[in-house]
Amino acid sequence: MTSWQMTVVAAFTRLAYQRKFTTAEAGLRTLARPKGPSKPPSAILKRYAVSTTRDHGFDLHRIRPSGPDTGVTVIYLHGGAYTSEIVSQHWSLIAHIAARTGHEVAVPIYGLAPTHNGLQALTFVTAVIAAETARGRRCYLAGDSAGGGLALLAAQAMAADPTPPPGPPGSEGRFALGAGSAPDRPTPAAGETGSVAGGFVTAAGESGAVAGGFGSAAGEAGSVAGGFVSAAGEAGAVVGGLAAAAGSIGGVVGVTAIAPWLDLSISNPEVDEVEPHDPWLRRPGLRPLATAWAGEIPLQDPRLSPLFGDLTRLPPLQILVGTRDITLPDCRLLRDRLPSTVPLTYHEEPGAVHVYPLLPVPEARPGRQAIIDHIMATTGAARPSDGSANVAP
């Protein structure tokens, strides 16, 4: 049963955010809006060891919990429809992951549309993964909405070629994944930052009204309700054998995708049935964002839309999506296309809206716990003992 909090959040989201996607003109206004800052909030800076470097032309934040180094880097790619910056809800989940796994979390701040494009972001993220693996670390990728799609793209690219060539963020890399070559792209201006996104589209500088109450959810345990399905069709939470199956594929040991944007064209006819019930997202406003992100590349190019990429060499994959979310039809399509050789943990939350594990609703708690469980099982790590990691804000 959908909680009353989810009902309230859905109603608020419809009033506050849906207008940004109802028309192509609204989407263009969102695209043109100035970008906000990407610095971690003060609550994280006070509780964690945080460092920021400028790698490959973009900022890369690292959140380090207390306790011994685990040798694992969780790389989190935030949402925002590839045009909006990282916001407080993302940082809350990032802190929760660091605290509950004991792993370092790296947050690449990759450039946003319209100044930057998808191939630049993919080159940047794969370079970050390659640098981590070069120093002997295992990488786990996680992301929400557009960031979830980018996480899958990066996993596919690393499986195809785990040694990307050096070069500026504007270089195309060599992750063609069967697609033709693309035209040259401009490199970002010096000092320019931004992040890539896919869920939260708050105004520049806004913390987001739906952020409140996250501290109480973070750190609270909760068993995952039924509905998780492994590649073999078994029910349950996280499949116990994940750690054994989680051999590194191109340096990536696992992926969590929260309501990922899998097809930039949003052309699945099943979206027609879901869209009227989604209080947040609408295709008319998303299409200009997708077009800007793609540039001259077709929207269904496998370097931009992971649904059309190679699905046979992915590491253990987790997908979480709500049933009131226009990403649902493509999540189901990916689930059905995925070969049985790829371990899959799949969950649909009844009545939940877009990226529900990031929202201040009861449904977020088991969703977050499922993410932690999948990361821990896939990396084969021991859960931090009490006091070995900070409590997420």
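Predicted model: local features only at pLDDT ≥ 70, side-chain atom pairs only at ≥ 80, totals over all residues.
1. Across the whole structure, a search finds 5 aromatic pairs. One of them joins Tyr82 and Trp261: the ring centres are 5.8 Å apart and the planes lie at 20°, so this pair is classed as stacked, given that planes under 30 degrees apart meet that description. Tyr82 belongs to the loop between strand 3 (72–77) and helix 4 (88–101), while Trp261 belongs to the loop between strand 6 (252–258) and helix 9 (271–274); the pair therefore ties together parts that are 179 residues apart in sequence. Tyr82 and Trp261 are both buried.

2. Tyr82 also forms a stacked aromatic pair with Trp293, with 4.4 Å from centre to centre and 5° between the planes. Trp293 lies in helix 10 (residues 283–294) and Tyr82 in the loop between strand 3 and helix 4, so this contact ties together parts that are 211 residues apart in sequence. Trp293 has a relative accessible area of 2% and is buried.

3. Phe12, Tyr17 and Trp280 are linked into a cluster by ring pairs. Elsewhere, a charge meets a ring: the charged end of Arg335 sits over the ring of Tyr346, at 4.9 Å from its centre.

4. Strand 5 (residues 138–144) is mostly covered, with 6 of its 7 residues buried. Which strands are joined to strand 5 by bridges? Strand 3 runs parallel to strand 5 and is joined to it by 6 bridges; Val74 has Tyr140 of strand 5 as its bridge partner. Strand 6 likewise runs parallel to strand 5, and 6 bridges join these two strands. Here the bridge partner of Leu141 is Val255, in strand 6. As background, side chains in a regular strand alternate between the two faces of the sheet.

5. Helix 6 (residues 146–160) is the final element considered. Its 15 residues reach 21 Å from the first C-alpha to the last, close to the 21 Å expected at 1.5 Å a residue. Is helix 6 enclosed or exposed? Of its 15 residues, 14 are buried, so helix 6 is largely enclosed by the rest of the structure.

Note on methods
Residues numbered from 1 in each chain as written. Heavy atoms only, no water. Phe/Tyr/Trp six-rings, centres within 6.5 Å; stacked < 30°, edge-to-face > 60°. Helix = DSSP H or I, 4+ residues; strand = E, 2+ residues; numbered from the N terminus. Buried < 20%, exposed > 50% of the residue type's maximum accessible area, 1.4 Å probe, protein only. Lys NZ or Arg CZ within 6 Å of the ring centre and 35° of its normal. Pairing = 2+ DSSP bridges. Expected span 1.5 Å × (residues − 1).
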